[in-house]
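Work through the exercises below with the structure open. Try each task before reading its solution.

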Amino acid sequence: MEIAKIKDVFSVRKLNQEYVNWLTDEFKENGYQSAYPVSVTKDGVMWDGGHRLAACKALQWSEIPSIVETPENLRRAAHERNRAASSVLPETFVDHAEEIWEMLATMKQEDVSNELGGKDKGWSVDKVKKYSKLQNIHNEAWKIVPTNFEIGTLYGNSVGTIKVPAGTFTENLLRDITNLLPDEQIELVNDLASGAINKGKFKTMAKAYSNRYKMAVKLRELLKGMDDDSLLSNALVEIDKGRYDSRPEDISVLAKQVLNDYQKKNAIRLINGDFYKEVESIQTGTIDLIITDPPYNISSDNCFPFKDRSEINKDFGEWDKIKPVEFKNLFSIWTKHFKRILSLDGSGYIFTSDIYLSYLIESLKEAGLDHRMTLTWHKINPGTSVKKRNFTSSTEYIVYFSQGKPVFNFTNENEMHNHIENSICQGNERKKDAKGNTLHPTQKPESIIKHLMDISSNRGQTIFDGFMGVGTVCSVAKQMGRQFIGIEKERIFYESI
């Protein structure tokens with residue numbers, strides 16, 4: 001048949017160029033043996049003899065011995081013909097894998113199984129699925145896998161070269177590395193091909209690499225939100241060195257060590273941003289004590305000027321003006337985050353007003369936290385009652401909550417009452433702006449914060465304040481040897497810390 005009449009080539013495997021080169025030399029020296037014709041359908045599609053056709057084209061021949069055959073299923077017929085010629089160039093699992101990958105680009109796994117003959121021909125859906133998984137092997141590693149072609153005979157002569165011993169790689173063996181990183185795949189395949197390791201070592205190392213990957217994933221999850229790439233990288237190197245191969249359960253210990261290093265490195269961490277966004281970056285279970293003073297939502301537009309003293313301004317700012325219904329909904333958000341970031345034996349104090357006290361307590365309970373006590377702060381020097389038509393507001397409330405068995409440093413009966421007598425923040429402790437005006441209208445006195453922090457935490461533990469204001473809790477934490485993480489949205493307050 002004239003080669004020009006072959007309109008298309010149907011092949012179930014890639015051409016092996018070494019075999020094509022050998023055939024080219026063989027045909028050039030001895031001619032084409034007509035006993036080995038190529039097979040072409042009546043429509044001009046060649047389905048058996050691709051290597052022979054390539055050799056003839058390389059010699060620029062215009063004709064090739066052929067036989068016209070149109071099987072019902074080209075693919076199955078091509079496979080049968082390849083199997084019949086297995087002594088020369090047998091099909092390998094590499095050929096099968098690459099054929100299946102090509103088919104899966106346009107077909108479902110069930111259809112690929114049927115096209116290959118199904119279970120009767122040894123191609124169940126499960127087997128197709130296993131072969132498809134080999135596509136996860138990096139191309140550079142996959143290039144090393146083929147054994148070129150087996151030593152066989154053609155016309156009685158020895159053919160073929162083998163760079164990698166036959167049987168070195170199998171589909172089942174390579175399945176162990178499909179989930180590894182490219183560098184790991186290439187390393188293992190290279191070592192096995194060169195004889196540096198045997199199959200047993202290959203499987204052992206593949207399992208080790210796979211477990212190290214799982215350990216690295218777990219470590220990243222445990223350290224989610226930690227913004228220190230160098231500490232994380234150093235920990236991952238420890239895993240890569242195989243130091244946790246025999247005790248993968250100790251990854252949680254490693255994560256704790258990293259967190260300790262991170263906290264020492266970042267003993268005071270201040271965040272200028274919105275609580276509802278930034279709190280997501282706080283590591284789960286890393287806070288020992290929460291002391292925070294969220295907005296009370298009691299601000300008004302009232303301002304009372306006086307002739308001989310400073311005015312009384314009830315307008316605390318837009319941050320303290322939220323519709324009551326919307327404000328109540330925030331409690332469950334606060335307490336959900338407090339529950340997550342608090343250690344298993346952690347506790348917290350939230351300053352609030354009597355108006356929303358019951359809602360806050362209910363939200364704590366719904367979040368799975370224990371409401372242990374409500375403390376009353378009696379201000380011994382409250383603000384002036386302007387209208388003289390009601391009692392003077394001289395109390396605020398502090399909700400004490402916890403989970404597990406928190407630190408509680410009981411001192412003596414006189415100091416452990418749930419009633420605190422203390423003045424409001426005043427004098428040099430009160431922060432002022434550049435004009436000398438009070439910077440934050442509800443700044444809390446350090447003495448109260450010290451009292452609470454001393455009772456519910458120890459040196460070195462981590463304190464959190466999600467609504468820092470001008471940083472009173474931060475200042476006290478530094479004074480008392482605690483680590484601190486705080487969030488403040490208002491830039492003017494944040495810059496004063």
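**Exercise 1: a strand residue**

Asp-48 belongs to strand S3 (residues 45–48); strands are DSSP runs of E, at least two residues, and helices are runs of H or I, at least four, numbered from the N terminus. This is a predicted model: local features need pLDDT of at least 70, side-chain atom pairs count only at pLDDT 80 or more, and totals for chains, interfaces and linings use all residues. Residues are numbered from 1 along each chain as its sequence is written, and side-chain values use heavy atoms, without hydrogens and water.

Task: decide whether Asp-48 is buried or exposed, and list what it touches.

Solution. Buried means under 20% relative accessible area, exposed over 50%, partly exposed in between (1.4 Å probe, protein chains only). Asp-48 has 8% relative accessibility, so it counts as buried. Next, take contacts (heavy atoms within 4.5 Å). Leaving out residues up to four places away in sequence, Asp-48 touches Pro-37, Val-38, Ser-39 and Arg-81.

**Exercise 2: helix H4**

Task: find how many of the 12 residues of H4 are buried, and what covers them.

Solution. Count first: 10 of the 12 are buried, so H4 is largely enclosed by the rest of the structure. Among them are Phe-93, His-96, Glu-99 and Trp-101. The cover includes helix H3 (74–84), helix H5 (109–115), H6, H7 and H8.
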